[in-house]
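Student: I would like to learn how to read salt bridges and ligand contacts in a model. Could we go through them together?

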Amino acid sequence: MIEFTNVSKSYKDKLILRDINMTFSSGEFVAIIGSSGCGKTTLLKMINKLLPMDRGDIIIDGKSIREIPDIKLRREIGYVVQEGGLFPHFTVKENLEIVPQLEGMEPEKRERRINELLDMVNLDPKMYSNSYPCQLSGGQRQRVGVARAFATDSDLILMDEPFSALDPLTREELQDEIVKLQKEYEKTIVFVTHDMDEAIKCADKICFIQNGTVIQFDKTEEILRHPANDYVEKFVGKNRLWGNPKYIHASDIMCKEPYILSRDRTVIQALQVMRQNAINSILITEGKNREFQGIVWLEDLSKLDVQHMSASIGDMISSDYISVFEESSLQEIIDEIDYYKSGIIPVLNERRELRGVLTKSILLSTLSKRYKKEQEG
Ligand SMILES: Nc1ncnc2c1ncn2[C@@H]1O[C@H](COP(=O)(O)OP(=O)(O)OP(=O)(O)O)[C@@H](O)[C@H]1O
Ligand SMILES: [Mg+2]
């Protein structure tokens, strides 16, 4: 856990960061975002004491960094910068070896560890151990940079725009990689970026810095739903939420007034409602809280003989449907609907009361919003 209490920093008489108060929990992936020159790098470098703070304190796992010797602190915290920040005159192996060597790890164990690290970032140790950074591509250098940060065995890794110099494909690949590694190794990652898409993709929480203060620090979804001010909103972009199916919930898009019928109504009444409204199914509920019973399909009713017309609709309920909860994400819904041919999905609350309905056309229009907005620019 990292706690910032009233952290301030100036260069000469120019105040860069003012009274920063926030807490990063262990195992969290936090993205720091803000326009160029707002103090992101400064904030990061104060954590590992590459820069001194003027006032306030940063406490890591209960201990003030003021009480931890600089070298020890830096050795314990992974740090990745653009282009990997490798020593150019050291081979890949030597670059990775520095910290384990300083910590007195046996040569044999060191060798094994380095091979593990290279495997971890998908670089073949046999091919690359003895290469120099200038012999690697930007993406490969970045991979070595990430591996080196993991070499410290620390729980905390700081990353300063690590992927910004990479082409989009390599960048996406490394983003996927780092998210996977972070979850697998349960690291706390503080990740500076300019790129909102990168932040949304990788981070659990996003911290916005503007004019020397933290304007908003919250879960990604909260930021997308409720940007704190125009500045954050501009970064987020109005349509970002719609472009991220995992942050859209059934309750955001469902139709709240579906056609329903009580289970004690008759087949003929159900047929009448369906014909009048040109629908091919109807949702059956019970009681004023609309306890959900199931769906009746026009197709099934159409097959019935005349003598069944006054039968209770309750006997005709089909359980051949899927339902979702109000909190289900569009992503989950889309995954479900792949296997589900029918066009109607009841949305229930935890008491299985009917809250609304989703149809294929609702889903389609929700998804198309993303493209419409993108075209509008
Ligand atoms: N050594 C220094 N001396 C004086 N001013 C500095 C120094 N380092 C940074 N600054 C200033 O402090 C401010 C914050 O710099 P910082 O590098 O933290 O910004 P940043 O948010 O990381 O920007 P970028 O997105 O461009 O990397 C900038 O206005 C910068 O000019
Ligand atoms: Mg910077």
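**Salt bridges and a ligand shell**

Tutor: Glutamate 172 and lysine 201 form a salt bridge, with their closest N and O atoms 4.0 Å apart. The term stands for a side-chain nitrogen of Lys or Arg within 4 Å of a carboxyl oxygen of Asp or Glu. This pair links distant parts of the chain, 29 residues apart: glutamate 172 sits in helix α7 (residues 168–185) and lysine 201 in helix α8 (residues 196–202). Helices (H or I, at least four residues) and strands (E, at least two) are DSSP runs, numbered from the N terminus.

This is a predicted model, where local features need pLDDT of at least 70, side-chain atom pairs count only at pLDDT 80 or more, and totals for chains, interfaces and linings use all residues. Residues are numbered from 1 along each chain as its sequence is written, chains are lettered from A and ligands numbered from 1 in the order in which they are written, and side-chain values use heavy atoms, leaving out hydrogens and water.

Student: How many salt bridges does the rule give?

Tutor: The count comes to 22.

Student: Which residue does lysine 183 meet in a salt bridge?

Tutor: Its partner is aspartate 204, at 3.5 Å from N to O. Aspartate 204 lies in the loop between α8 and β9 (205–210) and lysine 183 in helix α7, so the pair ties together parts that are 21 residues apart in sequence.

Student: And what links arginine 74 and aspartate 70?

Tutor: A salt bridge joins them, the closest N and O atoms being 3.6 Å apart. Both belong to helix α2 (residues 70–76), four residues apart, about one turn of the helix. Salt bridges that share partners also bring Lys49 into one network with Asp70 and Arg74.

Student: Which element gives the most to the shell around ligand 1?

Tutor: That is α1, with three residues.
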